[in-house]
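Please read this briefing beside the sequence and the model.

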Amino acid sequence: MHDLINRWISRLFNRGPGRSRSRPLFALAGALVGMAAAIAVTGLWHLGATAQPSDAPVELTMLLHVPEAQQWRTIADRFEAENPDLRLKIIEGPSATNAIEDLHTAAFILGDSPYDLIYLDVAWVPKFAAAGWLMDLRDRLTPAQLAEYLPGDVAGGRYRDGLYRLPFRTDMGMLYYRKDLLEAAGLEPPETFMELIAASEQLQRSQGVDWGYLWQGKQYEGLSAMFAEVLAGFGGFWVDPETQAVGLDEPAAIAAVEFLQRTIASGISPPGTTTYTEPETLRLFRTGNSVFLRNWPYVWNEVNRPDSPIRGQVAIAPMVHAPGERSGACQGGWGLGINRATRHPEAAWRALEFFGRADVQKQFVLENSYVSSLRSLADDPDIQAAYPQYRTWVEILDNYAVLRPPVPQYAQASDILQRYLTAAFSGSMTPTDAMAAAARETRSLLGTA
Ligand code: GLC
């Protein structure tokens with residue numbers, strides 16, 4: 001459904017040459033059927049229409065992916081306790097960001113989306129803002145207030161002159177490694193792709209671990225996020241935000257695909273890699289049979305739980321890179337926007353203010369090993385005690401952040417990339433042919449062919 005919705009969305013933005021004028025009706029009909037089904041399945045549709053008695057608390061509805069729907073429970077309870085006239089209704093959605101994005105897109109396109117608060121992945125902002133679905137928050141915050149947030153997170157909430165998302169938590173991709181295994185073999189953490197391969201092979205031989213390196217290879221948004229890092233590590237780029245130039249067919253991009261392909265072909269990464277999202281790679285890493293894992297900060301708490309076989313044995317490093325190049329850390333992260341058509345704009349704004357508070361974010365960080373978008377929390381003694389590497393997380397972002405293309409057509413650009421990476425991994429196309437096709441389609445998408 002993702003691709004269908006995206007093609008329909010693209011018509012909203014009216015880009016790219018050679019668009020057929022005779023097909024929108026079919027596309028629209030197909031898209032609407034899919035969307036209606038999605039909404040019926042999640043049982044959401046009635047929510048927007050539910051009338052509330054005038055003295056009842058105002059109910060704000062928000063869609064959250066697994067596992068955040070559970071993780072938000074404690075701060076949501078606190079919000080309700082401090083704001084007795086407000087209720088926060090959390091609807092639990094699927095875990096993949098693109099699946100949640102599809103649900104929002106469907107609800108907005110059909111009109112009267114039931115969600116008042118929109119919990120937004122940084123990757124969605126240009127599309128949602130350009131489509132006019134979000135309230136512009138620029139006049140709600142002073143420059144001094146905005147300066148309290150990490151600059152990349154603020155930039156990720158902007159589109160043209162507007163501000164559509166208040167940052168909540170940030171994310172950056174990095175390398176997790178088993179320090180016990182590396183120490184046993186007298187190895188330093190790898191810095192280059194070749195060192196990662198060599199260390200993996202050596203430890204698979206000498207320490208009897210099954211796998212060297214775990215990464216997300218399924219055809220979904222996490223593949224694009226991961227690839228953006230490897231691409232940057234080879235000195236390449238996806239889409240230049242200034243010129244809209246596309247770099248997917250350049251030698252660096254082909255080298256990036258070949259590196260990933262090689263990890264599977266040589267048995268460093270499991271054959272199932274092309275079906276893995278973040279949770280599968282984490283589960284495998286946690287069993288103790290792998291040396292390296294690419295993932296986000298939330299992994300920290302998961303590998304250090306009392307029942308984790310690798311508790312206390314894991315350390316982090318920036319992603320590896322080619323000699324002479326720099327690491328890349330995909331800039332991820334989530335923040336809050338307001339549905340422009342909400343019937344409760346002031347209540348929604350009060351919620352944004354509440355979840356923007358340092359004490360609330362501190363609680364969320366301590367409970368879940370996330371990284372707050374508020375810079376001040378990096379100096380908080382409780383957070384430093386709980387996460388000695390917290391400052392390193394922020395530094396990784398400061399030094400190595402890689403953006404996914406901040407364009408309204410991003411979801412489609414990501415679909416194109418995922419499709420051709422999958423073709424290369426499965427062997428149905430060579431890396432060179434796959435990336436040439438990906439570049440061609442991306443240029444046509446952006447109207448720069
Ligand atoms: C994390 C990131 C988000 C990214 C997603 C991909 O949730 O915060 O930006 O799109 O992972 O799986």
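The briefing below begins with the model as a whole and then takes up individual sites by topic.

This is a predicted model, in which local features need pLDDT of at least 70 and side-chain atom pairs count only at pLDDT 80 or more, whereas totals for chains, interfaces and linings use all residues. Residues are numbered from 1 along each chain as its sequence is written, and side-chain values use heavy atoms, with hydrogens and water left out.

**Overall fold**

- The protein has 20 helices and 13 strands, where helices (H or I, at least four residues) and strands (E, at least two) are DSSP runs numbered from the N terminus.
- Of its 449 residues, 56% count as buried, a term that means under 20% relative accessible area, with exposed meaning over 50% and partly exposed in between (1.4 Å probe, protein chains only).
- Among contacts between residues at least 6 apart in sequence, 74% join residues at least 24 apart, contact meaning heavy atoms within 4.5 Å.

**Helix packing**

- Helix H11 (residues 221-233) and helix H12 (residues 251-265) pack at an angle of about 115 degrees, and their axes are 8 Å apart; the axes are lines fitted to C-alpha atoms, for helices over the stretch in contact, and angles run from 0 to 180 degrees between N-to-C directions.
- On the H11 side, Met226, Phe227, Val230 and Leu231 meet Ala252, Ala253, Ala256, Val257, Phe259 and Leu260 of H12.

**Salt bridges**

- A search of the whole structure finds 25 salt bridges, each being a side-chain nitrogen of Lys or Arg within 4 Å of a carboxyl oxygen of Asp or Glu.
- One of them joins the side chains of Glu101 and Lys127 (3.0 Å, N to O); this pair links distant parts of the chain, with Glu101 in helix H5 (residues 97-110) and Lys127 in helix H6 (residues 125-130), 26 residues apart. Both Glu101 and Lys127 are buried.
- Another joins the side chains of Asp249 and Arg443 (3.0 Å, N to O); because Asp249 lies in the loop between H11 and H12 and Arg443 in helix H20 (residues 431-446), the pair ties together parts that are 194 residues apart in sequence. Asp249 counts as partly exposed at 30% relative accessibility, and Arg443 is partly exposed with a relative accessible area of 22%.
- The side chains of Arg286 and Asp307 also meet in a salt bridge (3.5 Å, N to O); Arg286 lies in helix H13 (residues 278-286) and Asp307 in the loop between helix H14 (299-303) and strand E10 (314-317), so the pair ties together parts that are 21 residues apart in sequence. Asp307 is exposed, with a relative accessible area of 55%.

**A buried arginine without a salt bridge**

- Arg165 lies in the loop between strand E5 (162-163) and strand E6 (166-172).
- Although Arg165 is buried, it has no salt bridge, and the nearest side chain of opposite charge, Asp153, is 4.6 Å away; in this assignment Lys and Arg count as positive and Asp and Glu as negative, while His and the chain ends are not counted.
- The side chain of Arg165 does reach the backbone oxygen of Leu120 at 3.3 Å, and a polar atom of that side chain lies 3.3 Å from the backbone oxygen of Asp153.
- Leaving out residues up to four places away in sequence, Arg165 touches a set of residues including Val122, Leu137, Gly157, Trp334 and Leu336.

**Other sites**

- Val291 lies in strand E9 (residues 290-295) and is buried, with a relative accessible area of 0%. Not counting residues up to four places away in sequence, Val291 touches several residues, among them Tyr176, Leu181, Val209, Trp211 and Phe285.
- Asn301 is found in helix H14 and is buried, with a relative accessible area of 16%. Apart from neighbours within four places in sequence, Asn301 is in contact with Leu366, Glu367, Asn368, Ser369 and Tyr387.
- Asp55, in the loop between helix H2 (24-42) and strand E1 (58-65), is exposed, with a relative accessible area of 69%. The C-alpha atoms of Asp55 and Asp85 are separated by 8.7 Å, and these residues are 30 residues apart along the chain.

How values were computed: Polar contact = N/O pair within 3.5 Å; in protein donor to acceptor, adjacent residues only side chain to side chain.
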